[in-house]
Amino acid sequence: MTEPIFDHDRLDVYRLSIDYVASSFAIAKELNGLHRHARDQWLRAAQSIPLNIAEGNGKRSLKDRNRFLDIARGSALECASIQDVLFATDGLGGEQHGELKRTLKRIVSMLMRLIARADAVSESSARYNAADEHEYRDAEYEYEHEEQPEPRIAPKDAAPLFSKSMSTARPP
């Protein structure tokens, strides 16, 4: 009987993150004493990477998927920081530290590409002139601070236009 394959099993970043978890667990077996709190946090953060990749990949909306991939990215960055702490406190050797950080860098890069690819699929804000609207809003607020009184009477040159439009209006 063949083992079932899920969509996330096909992702290189998922498989790489599983390898990272296995490596971190193997190293964590040696950590104890003063390093136990960092070790526990490291193992939780390491496990969070593939767990969030798998959960995010199962989401139907791109927004939800990207949210979970971003959480996985954050967990990878947290692992890098914890490794720095362990290295600085002699809990992790230089060679192990460098190798694991290179793996994390690759994981973060792959996650960023997945997120960017999904963002490219969504509609551009340019289609709705969102950039123009933003410029308009900035221009609108630019004049709020000028101290000019608002005119209370319509300009004299506008009076003929106003009276002409009123004469063509029909009563209700």
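User: Is D90 buried or exposed?
Analyst: This is a predicted model. D90 lies in the loop between α3 and α4 (94-121). Its relative accessible area is 70%, and exposed means over 50%. D90 is therefore exposed.

User: What is the phi of D90?
Analyst: Most residues other than glycine have a negative phi. D90 is not a glycine. Even so, the phi of D90 is positive, at about 60°.

User: How many helices and how many strands does the protein have?
Analyst: From the N terminus on, the elements run α-α-α-α-α-α. The secondary structure comes to six helices and zero strands.

User: Which element has the lowest mean pLDDT?
Analyst: The mean pLDDT of the protein is 81, and 69% of its residues reach 70 or more. Among the elements, α1 has the highest mean, 97. The lowest, 45, belongs to helix α5 (residues 130-142).

User: How many contacts beyond four places in sequence does the model have for residues 130-145?
Analyst: pLDDT stays under 50 over residues 130-145. For this stretch, the number of contacts beyond four places in sequence is one.

User: Are α1 and α2 roughly parallel or roughly antiparallel to each other?
Analyst: Two packed helices are described by the angle between their axes and the distance between the axes. For helix α1 (residues 12-28) and helix α2 (residues 36-57), the axes come within 9 Å and cross at roughly 165°. Angles over 145 degrees count as roughly antiparallel. The two helices are therefore roughly antiparallel.

User: How do the residues of the contact of α1 with α2 divide into nonpolar, polar and charged?
Analyst: On the α1 side, the contact includes V13, Y14, I18 and F25. On the α2 side, it includes R39, W42, L43 and P50. The residues divide into 15 nonpolar, three polar and one charged.

User: Where is S17 placed, and is S17 buried or exposed?
Analyst: S17 sits in helix α1. The relative accessible area of S17 is 0%, and buried means under 20%.

User: Which residues is S17 in contact with, leaving aside its neighbours within four places in sequence?
Analyst: S17 and Q47 are 30 residues apart in sequence, and their C-alpha atoms are 8.4 Å apart in space. Beyond four places in sequence, the contacts of S17 are I49, P50, I53 and I107.

User: How far apart in space are P50 and I18, C-alpha to C-alpha?
Analyst: P50 is found in helix α2. With a relative accessible area of 5%, P50 is buried. Its contacts beyond four places in sequence are Y14, S17, I18 and V21. P50 and I18 are 32 residues apart in sequence, yet C-alpha to C-alpha they are 6.3 Å apart.

User: Is the crossing of α2 and α3 left-handed or right-handed?
Analyst: The axes of α2 and α3 are 8 Å apart, and the packing angle is about 160°. Angles over 145 degrees count as roughly antiparallel, so α2 and α3 are roughly antiparallel to each other. Their crossing is left-handed.

User: How many charged residues are in the contact of α2 with α3?
Analyst: Residues of α2 in this contact include A38, W42, I49 and E55. Those of α3 include R65, F68, C79 and L86. The contact divides into 14 nonpolar and seven polar residues, and the charged ones number three.

User: Which residues is F68 in contact with, leaving aside its neighbours within four places in sequence?
Analyst: F68 lies in helix α3. At 9% relative accessibility, F68 counts as buried. F68 and E55 are 13 residues apart in sequence and 6.9 Å apart in space, C-alpha to C-alpha. Beyond four places in sequence, the contacts of F68 are N52, E55, G56 and K59.

User: Which residues is N66 in contact with, leaving aside its neighbours within four places in sequence?
Analyst: N66 lies in helix α3 (residues 62-88). N66 is buried, at a relative accessible area of 12%. Beyond four places in sequence, N66 contacts L114, I115, A118 and D119.

How values were computed
Residues are numbered from 1 along each chain as its sequence is written. This is a predicted model: local features need pLDDT of at least 70, side-chain atom pairs count only at pLDDT 80 or more; totals for chains, interfaces and linings use all residues. Side-chain values use heavy atoms; hydrogens and water are left out. Helices (H or I, at least four residues) and strands (E, at least two) are DSSP runs, numbered from the N terminus. Buried means under 20% relative accessible area, exposed over 50%, partly exposed in between (1.4 Å probe, protein chains only). Contact means heavy atoms within 4.5 Å. Axes are lines fitted to C-alpha atoms, for helices over the stretch in contact, and angles run from 0 to 180 degrees between N-to-C directions. Angles under 35 degrees count as roughly parallel, over 145 as roughly antiparallel, 65 to 115 as roughly perpendicular and the rest as oblique. Ala, Val, Leu, Ile, Met, Phe, Trp, Tyr, Cys and Pro count as nonpolar, Asp, Glu, Lys and Arg as charged, and the others, Gly among them, as polar. pLDDT is the predictor's confidence in each residue, from 0 to 100. A crossing is left-handed if the near helix is turned anticlockwise from the far one by less than a right angle, and right-handed if clockwise.
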